[in-house]
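Please read the following explanation alongside the sequence and the coordinates. It moves from the sheet to a pair of helices and then to a few single residues.

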Amino acid sequence: MSGMRPTGKLHLGHLHGALSNWIALQNHGDYDCYYFVADWHALTSDYAATGEIRANTIDMVIDWLAAGLDPEKSTLFVQSAVKEHAELFLLLCMITPLAWLERNPTYKEMKEELSQKDLSTFGFLGYPVLQAADIIMYKAYGVPVGVDQLPHVELTREIARRFNFLYREIFPIPEPLLAEVPKLLGLDGRKMSKSLDNSILISDQGEALQKKVAAMFTDPQRQRKSDPGRPELCNVHTFHKLYSPSETVVEVAAACREAAIGCTECKRRLAAAVAEGMRPIHERREYYLGHPEAIRGIIEDGNRWAEQIARATLAEVREALKINHGL
Ligand code: TRP
Ligand code: SF4
């Protein structure tokens, strides 16, 4: 089980970080995978500007499908369509000590980072409780996430343990599933991030893609073509390792060290390799862009299936709390 807030179109950092792990788990064959759009979580920081959440949800699901998430193998759904998440959140709120939330490092960091928004809300403090509800609802054993989410998964484990202790042993204690992720930087050498406007998007193709690759920072010590370069310090090289055949990677790196290839040529080859590697993803994207009804159908089916599981869990939870009067 894992989720993402609907931030719109995804970039290659998402693809090689979270998504590739999600797809590997899906294709492993032995796991039941649930992946969802955390649109209520988006409200915790964007409650004052909700206008883009719906379009962002669709854009993100299109990128998921394009990347290879398969609705035949994984349940893809939207959090706000499964109201049981709200009920379980409410019940977990009752048993979660305030101190656990106040000492959450992500809470403190985010509040500072997003200081232009007023995040002194109950909802923002409770973010990890909602996340705990998302996860344990499906009795998840594994949560594929990035390191930034580890404190949230740890809190989920504590909340699940507390529930099991107070009422009944209903929930497995979930493990975070970290994947080895290549460190992809943005065009400007900082962390690739939507807000920094330095990303290569999954949807970037053709000239747009070429232009972005051409704008990438390289080895800062290589000013002229005659200066030998250090591919191991160059973000372009990191991308070559992901997208180019290994002979090309070796050849280009050697040529760079001897100043036998210029950065323009190196990037031209990279742009071609990325375009080629991304082709199946771009083709699937085109297909879904032309078939919005298919996307709607996939989400509706996913919502329905998730809701069945969630209803069954809530029935157990209400029974454990003895709060199912008359049912
Ligand atoms: N907090 C996660 C993020 O910002 C999104 C999320 C919400 C999530 N609920 C989750 C991730 C449950 C994993 C499991 O990316
Ligand atoms: Fe980077 Fe390629 Fe330029 Fe070497 S030739 S510095 S690897 S872009």
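The paragraphs below take up the sheet, a helix crossing and some individual side chains in turn.

This is a predicted model, in which local features need pLDDT of at least 70 and side-chain atom pairs count only at pLDDT 80 or more, while totals for chains, interfaces and linings use all residues. Residues are numbered from 1 along each chain as its sequence is written, chains are lettered from A and ligands numbered from 1 in the order in which they are written, and side-chain values use heavy atoms, with hydrogens and water left out.

An open sheet is formed by 3 strands in the order S1-S2-S3, with parallel pairing; strands here are DSSP runs of E of at least two residues, and helices are runs of H or I of at least four, numbered from the N terminus, and two strands pair if DSSP finds at least two bridges between them. Strand S1 (2-4) and S3 stand at the edges with a single partner strand each, so one side of each lacks a neighbour in the sheet. From one strand to the next the twist averages 20°, and helix H15 (residues 292-321) packs on the sheet, touching S2 and S3, with its direction at about 95° to that of S3. Such angles run from 0 to 180 degrees between N-to-C directions, the axes being lines fitted to C-alpha atoms, for helices over the stretch in contact.

Strand S2 (residues 33-37) is joined to S3 by 5 bridges, and the bridge partner of Tyr-35 in S3 is Leu-76. In strand S3 (residues 74-78), 5 of the 5 residues are buried, so the strand is largely enclosed by the rest of the structure; buried means under 20% relative accessible area, exposed over 50%, and partly exposed in between (1.4 Å probe, protein chains only). Ser-74, Leu-76 and Val-78 point one way from S3, whereas Thr-75 and Phe-77 point the other way.

The contact, meaning heavy atoms within 4.5 Å, involves residues including Ile-62 and Leu-65 of H3 and Ile-281 and Tyr-288 of H14.

Leaving aside residues up to four places away in sequence, His-237 touches Pro-231, Val-249 and Ala-253. Cys-33 is buried, with a relative accessible area of 6%, whereas Cys-93 is partly exposed at 24%.
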